[in-house]
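These are my notebook entries on a structure that is new to me. I set down what I looked up, entry by entry.

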Amino acid sequence: MSDKENTLDDEFLEDALLDGEDQEQKLENENAEEEKSVEETLSDELAKEKDKFLRLFAEFENYKRRTSKERMELFKTAGQEVIVSLLPVLDDFDRAMKELAKSDDKDAFTGIELINVKLRETLKNKGLEMVEAKAGDVFDAEIHEAITQIPAPDKKMKGKIIDVIEKGFKLGDRIIRHPKVVVGN
């Protein structure tokens with residue numbers, strides 16, 4: 001063979017080798033990209049799982065706080081049903097006290113008064129408080145329940161309480177019975 005042919009063959013072999021090396025380099029790059037994409041995919045999945053975990057953890061913490069608050073509220077108002085059922089008894093005591101005050105039997109009045117005071121103190125110790133409402137107070141729809149409206153005796157009594165029909169009570173911070181009032185208009 002001639003030198004020219006040897007040179008051409010060498011060049012061809014070099015080109016073929018370079019093409020083979022390029023192909024190997026391309027394969028390595030593709031494998032690296034696959035590895036990167038696998039790593040990136042795994043990294044993305046890990047980030048998603050972390051986010052899911054954090055959200056679930058936060059939701060669980062909120063659940064714990066909410067149930068704890070509900071439990072505390074339940075303890076505060078545990079006897080609410082019993083206390084609400086005793087409110088008509090307190091009303092009856094008030095009516096009995098008014099009638100006994102008119103009678104001549106002071107011993108009966110004193111006995112009923114002692115029982116009344118004892119019952120009220122017991123309920124007060126359980127968290128029952130009377131909602132203050134008296135004639136002349138400004139009517140507040142959030143606190144008072146208006147039974148009826150009547151013409152005000154004078155201009156000063158417009159929008160104010162004329163009479164309290166039934167006392168109101170609250171247990172803790174919650175009103176369990178609104179005072180029933182007559183409002184002047």
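Is the crossing of α2 and α3 left-handed or right-handed? I found that α2 and α3 cross in a left-handed way, a term used when the near helix is turned anticlockwise from the far one by less than a right angle, clockwise being right-handed. I note that this is a predicted model, in which local features need pLDDT of at least 70 and side-chain atom pairs count only at pLDDT 80 or more, while totals for chains, interfaces and linings use all residues. Residues are numbered from 1 along each chain as its sequence is written, and side-chain values use heavy atoms, with hydrogens and water left out.

Entry on the helix pair. I looked up helix α2 (residues 80–102) and helix α3 (residues 106–125), which pack at an angle of about 155° with their axes 10 Å apart; helices here are DSSP runs (H or I, at least four residues) and strands likewise (E, at least two), numbered from the N terminus. The axes are lines fitted to C-alpha atoms, for helices over the stretch in contact, and the angles run from 0 to 180 degrees between N-to-C directions. That angle makes α2 roughly antiparallel to α3, the term for angles over 145 degrees.

Entry on their contact (heavy atoms within 4.5 Å). On the α2 side I listed residues including Ile83, Leu90 and Phe93, and on the α3 side residues including Phe109, Ile112 and Leu123. The residues of this contact divide into 14 nonpolar, 1 polar and 4 charged.

Entry on the core. The largest nonpolar core has 8 residues: Ile83, Leu87, Leu90, Leu123, Leu128, Phe169, Leu171 and Ile176. Such a core is a set of buried Ala, Val, Leu, Ile, Met, Phe, Trp, Tyr and Cys residues joined through side-chain atoms within 4.5 Å, where buried means under 20% relative accessible area with a 1.4 Å probe, protein chains only. Helix α2 gives the most to this core, with 3 residues. Leaving out residues up to four places away in sequence, I saw that Phe169 touches, among others, Leu87, Leu90, Arg120 and Ile176.

Aspartate 91, in helix α2, is buried with a relative accessible area of 9%, and beyond its neighbours within four places in sequence it is in contact with Glu166 and Arg177. Valine 181 lies in strand β6 (residues 180–184) and is buried at 0%. Valine 181 and alanine 135 are 46 residues apart in sequence, yet 8.8 Å apart in space, C-alpha to C-alpha.

Terms used:
Parallel < 35°, antiparallel > 145°, perpendicular 65-115°, else oblique. Nonpolar A, V, L, I, M, F, W, Y, C, P; charged D, E, K, R; others polar. Buried < 20%, exposed > 50% of the residue type's maximum accessible area, 1.4 Å probe, protein only.
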